[in-house]
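Please look through the structure shown here, and then follow the paragraphs below, which lead from a single residue to the chains as wholes and to the space and ring pairs within them.

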Amino acid sequence: MDELSLLREMRDRTPIATDAAIDRGRTKLLQRIDPQSVKLQKNPRRRAVMRWGLASAATVLVAAVLVGGDVFGPGPLRGAATAQAAEVLNAAAETTIQTADLVPGAGQYLKIQSTNIWGSAAVAADGSEYEWLDTEKSTMYIPANREEEWVWERSGRIPTTFFDDKSKEYASSMKPAEGYVLRGNNGGFYGTPPEQSSFPSQDALAAFPRDPSALLAEIHRQTDGKGQSKDGESLVFIADLLRTGMVPADLRAALYKAAALIPGVTVTDEQATLDGRKGIAIGRVETASNRRQDIIIDPTTGLLIGEREVLTEPRGSMPAGTATTWTAIETTISDTAP
Amino acid sequence: MTTDSDLIRRSSKDPQAFAALYDKYSRAVYRYAATRAGDSVAEDVMSQTFLVAYESRDAFDHEWDDARPWLFGIATNLLRRHHRTEARRLRAFAKAAGRDSYEDGADRVAERLDAAAKSSNLAAAIRTLSTADRECLLLYAWADLTYEGIALATGVPVGTVRSRLNRARRIIRDAAGLLNIDEEEIEHGRAITPARNA
């Protein structure tokens, strides 16, 4: 018997992973892949228990109410944003449609700079939890001819905000992120073929209805079955599309007007500051996940400053009111790209 | 056939595709980490490995179809934080190997004692290896990586892998008290098939 056989014998005597350990690791990965799922399953086990609790006499009533909601659909019966929020959104729509879109000339680039905050969480083997916020700076250069090469500079996610010492220690023990530059024709980064670019094409942006009700119906169609609630996911969709910085003025105006049709949307902060810029925050609280999705608009230009997601109850070491995700964007024209 | 490279590429457009990589390799990464540092560390290292891999998936070298060297490289880095646990485990293993042998039937006691002593010495010898040599050896024996895979995982040339592995194997072979006749066989085997588990 050689030393390799002896070594492999040692390995063969080690217990294999339990299904529970594999499931837990999978959940963590999926939460990292789609932070939305963190919102949905803050504590999957607790949620599961709650679901079982619901499977009682109350179930029939709950089911009936849910079906009722679906039957009525997004009509006037379901209400809309508050009058104040609708006023802000509709005014921003009127203002923004007069703001000329930046159009790069031949050889120029549309330069979209953004500061992004992402929440991070980790659970160690002993069950202790860590939370912190990462910052990522990103600059994307989109050529006038979109089929040509796009350049995307990313700083990588750098842990920047901590709420306790143990999380700071944990985050600093991780391999530090490094900045990198991505290149791809038509926004096909990471080796994605240009025709499969994940960024909205001009055709796709052109295809969205400009009528607010029709646009909201299209958003409902595209987000069907996703997110915590139909209304919440619609606002998230609008925020995600706006934060690409690629949305033309007429669609931006229509997206604001569509947001005004979403039940539960209110003015959440009249003096919101994001990345040092001031605007009005319009948002909606998702009661099931205790988080609020905001979009922040500069009322003087009707341009989007950014969007954020705010905790409405403490989570671990993070106090209520923490913006666990935010993106602030600024769009300019550049003659050169790196 | 969908390669790991394809899955990672697809994950830029459809991040959920990354979960397929997890389903494919999570158990192997867990086993490698568990053998080195025990169950409690293994679960953490395994889940962290895939989080780090996901975050750095842009850094994946698409020259390679196989994601295992990349994943085991990340796991190996993460395991460095647990070197004390690993050392404790090897010490415990060295002791346990001696005890277990007495529980067997009388007819095979001598043989078992011999094997146990070898295992015990082996575990002790692994502890004496330099970090680089130990990682190289265990990536070969416990993660089933090829020489090229280990080179990719640890970021050193294949020649360095070969010399580290030669040195590590010689040290633990001597420590385990294996006969020289094995050495001849091993040298022979290595000359013909450098990566026997390729």
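Leaving aside residues up to four places away in sequence, Asn186(A) touches Arg146(A), Glu147(A), Glu148(A), Trp150(A), Pro194(A) and Ser197(A). In this model, which is predicted, Asn186(A) has its place in the loop of chain A that runs between β5 (180-185) and α8 (202-207). The C-alpha atom of Asn186(A) is separated by 8.6 Å from that of Ser201(A), a residue 15 residues apart from Asn186(A) along the chain.

Most residues other than glycine have a negative phi. The phi of Asn186(A), however, is near 55°, a positive value in a residue that is not glycine. In chain B, Asp144(B) likewise has a positive phi, of about 55°, although Asp144(B) is not a glycine. This residue belongs to the loop between α7 (131-141) and α8 (147-154) of chain B, and with a relative accessible area of 26%, Asp144(B) is partly exposed.

When contacts in chain A between residues at least 6 apart in sequence are considered, 61% of them join residues at least 24 apart. The accessible surface of chain A comes to about 16,500 Å², and 55% of this surface belongs to carbon and sulfur atoms.

What does the secondary structure of chain B come to? Chain B has 10 helices and 0 strands, and its elements, taken from the N terminus on, run α-α-α-α-α-α-α-α-α-α. Of the 198 residues in chain B, 50% are buried. Among the contacts in chain B with a separation of 6 or more, 67% are accounted for by residues 24 or more positions apart. Chain B exposes about 9,100 Å², of which carbon and sulfur atoms supply 51%.

Rolling a probe the size of a water molecule over the atoms shows where empty space is left. Counting cavities of 30 Å³ or more in this way gives 2, and the second largest cavity holds about 40 Å³ of space. Which residues line the second largest cavity? Its lining is made up of Met10(A) and Thr14(A) together with Thr35(B), Arg36(B), Arg89(B), Leu90(B) and Phe93(B). In chain B, α2 (18-37) and α5 (83-100) each supply at least two residues of this lining, and α5(B) gives the most to it, with 3 residues.

The last topic is the pairing of aromatic rings, of which a search of the whole structure finds 8 pairs over all chains. One of these pairs is formed by Tyr22(B) and Phe50(B), whose rings have their centres 4.9 Å apart and their planes at 70°; since planes over 60 degrees apart count as edge-to-face, so does this pair. Tyr22(B) lies in helix α2 of chain B, whereas Phe50(B) lies in helix α3 (residues 39-55) of chain B, and the pair therefore ties together parts that are 28 residues apart in sequence. Both Tyr22(B) and Phe50(B) are buried.

Another aromatic pair joins Tyr140(B) and Tyr147(B), and this pair is edge-to-face, with 5.7 Å from centre to centre and 70° between the planes. Are these two tyrosines buried or exposed? Tyr140(B), at 1% relative accessibility, counts as buried because its value is under 20%, and Tyr147(B), also at 1% relative accessibility, counts as buried by that rule.

Note on methods: Residues numbered from 1 in each chain as written. Chains lettered and ligands numbered in written order. Predicted model: local features only at pLDDT ≥ 70, side-chain atom pairs only at ≥ 80, totals over all residues. Heavy atoms only, no water. Contact = heavy atoms within 4.5 Å. Areas by Shrake-Rupley, 256 points an atom, 1.4 Å probe, with all protein chains shown as cover. 1 Å grid on protein atoms, 1.4 Å probe; cavity = no way out; pocket = protein on both sides within 12 Å on 5 of 7 lines; lining within 4 Å. Points joined across faces, edges and corners; volume = space filled by probe spheres on them. Helix = DSSP H or I, 4+ residues; strand = E, 2+ residues; numbered from the N terminus. Phe/Tyr/Trp six-rings, centres within 6.5 Å; stacked < 30°, edge-to-face > 60°. Buried < 20%, exposed > 50% of the residue type's maximum accessible area, 1.4 Å probe, protein only.
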